[in-house]
Amino acid sequence: MRTYSVRPATADDLDSARSVMLDTVYRDFGTGYVPRWHADIVDPAAYYLEPVRHTLLVAVDADGRVVGTGALDSRGPQSPPNPPRLAERYPSGETAQLRRVYVRPGHRRRGIARELVARLLDFAAADGGYRSVYLHTDPAVPGAEPFWRSLGMVVHDEREDAGGGQGVVHFEIPLGRTGSVADGPERARVYWK
């Protein structure tokens, strides 16, 4: 049985968390590091640890290795590059945006991403100032779109736009607890600390 724990990242976790994030943008997204999209990866402390309403969580295996990340911040989608109506619907300060929910390939399909999201939603609900939870995903990443569809609703699919936009799918997830994986059927395969 595998053992994982999910917890807020500390300064000691940042190099390992950055490694998970960079590996994902290079391997899964195929874009590599793009400063205008990934500045938070280079300086996660400034984006997620210092602002009170932001957080970075890490999933850690039994050997203490960071195998997954999940972040939340109060920056709504900006236009451009996102459609103007999304920027209006999800304003900064009132919107909890989920970011960097990434799991290393060898640890996927064990409920880690779902647990990260459940804990991020708990964080957003505890804040008290967020009215919605937003994220966007690249549907070309295997498993990403079905995963997010299982948790929320599509609010805009850029593939349906004239010209295809950026090709990303935008989601809203209900603000509130989705339930820890430790409370569900995944419990048989993974032990959560």
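Residues are numbered from 1 along each chain as its sequence is written. In this predicted model, local features need pLDDT of at least 70, side-chain atom pairs count only at pLDDT 80 or more, totals for chains, interfaces and linings use all residues, and side-chain values use heavy atoms, with hydrogens and water left out.

Helices (H or I, at least four residues) and strands (E, at least two) are DSSP runs, numbered from the N terminus. Helix 1 spans residues 14-27 and has 14 residues. From its first C-alpha to its last, helix 1 reaches 20 Å, close to the 20 Å expected at 1.5 Å a residue. The expected span is 1.5 Å times one less than the number of residues. The buried residues of helix 1 are L14, A17, V20, M21, T24 and V25. Seen down the axis of helix 1, these buried residues fall within an arc of 130°, so they line one face of the helix. The arc is that of the directions from the helix axis to the C-beta atoms. Buried here means under 20% relative accessible area, exposed over 50%, and partly exposed in between (1.4 Å probe, protein chains only). An α-helix has 3.6 residues a turn, so residues three or four places apart point the same way. The face of helix 1 turned away from its buried side carries the exposed residues D15 and Y26.

Helix 2 was examined in the same terms. Its buried residues include H38, D40 and I41. Viewed down the axis of helix 2, the buried residues fall within an arc of 115°, so they line one face of the helix. P35 and R36 are exposed on the other side of helix 2.

Helix 5 has 16 residues. The span of helix 5 from first C-alpha to last is 23 Å, close to the 22 Å expected at 1.5 Å a residue. Residues buried in helix 5 include I112, A113, E115, L116, V117, A118, L120, L121 and A124. G128 follows helix 5 and has a positive phi, near 85°.

Next comes the largest pocket. About 1500 Å³ of space lies in the largest pocket. The largest pocket is lined by 47 residues, of which F29, Y102, H136, T137 and D138 are the closest to its centre. The elements that give two or more residues to this lining are helix 2 (35-42), strand 4 (95-103), helix 5 (112-127), strand 5 (132-137) and helix 6 (144-149). Strand 4 gives the most, with seven residues. The lining divides into 20 nonpolar, 14 polar and 13 charged residues. Ala, Val, Leu, Ile, Met, Phe, Trp, Tyr, Cys and Pro count as nonpolar, Asp, Glu, Lys and Arg as charged, and the others, Gly among them, as polar. Pockets were found on a 1 Å grid over the protein atoms alone: a pocket is an open set of points where a 1.4 Å probe fits, with protein on both sides within 12 Å along at least five of seven lines, and lining residues have an atom within 4 Å of a point. Grid points are joined across faces, edges and corners, and a volume is the space filled by probe spheres set on the points.

R100 is found in strand 4. R100 has a positive phi of about 55° although it is not a glycine. R100 is buried, with a relative accessible area of 10%. R109 lies in the loop between strand 4 and helix 5. R109 also is not a glycine, and its phi is positive, about 65°. With 75% relative accessibility, R109 counts as exposed. R110 lies in the loop between strand 4 and helix 5. At 19% relative accessibility, R110 counts as buried. A polar atom of the R110 side chain lies 2.5 Å from the backbone oxygen of G106.

Two cis peptide bonds were also found. One joins S79 and P80, with omega about -15°. Another joins P80 and P81, with omega about 10°. P80 is found in the loop between strand 3 (66-73) and helix 4 (84-89). P81 is found in the loop between strand 3 and helix 4.

Two further residues illustrate sequence and spatial separation. V60 is in strand 2 (residues 55-61). V60 counts as buried at 6% relative accessibility. V60 and S5 are 55 residues apart in sequence and 5.3 Å apart in space, C-alpha to C-alpha. E160 is found in the loop between strand 6 (153-157) and strand 7 (169-173). E160 counts as exposed at 66% relative accessibility. The C-alpha atoms of E160 and Y130 are separated by 29 Å, and the two residues are 30 residues apart along the chain.

Terms used. A polar contact is a pair of N or O atoms within 3.5 Å; within protein, one must be able to donate a hydrogen and the other to accept it, and residues adjacent in sequence count only if both atoms are side-chain atoms.
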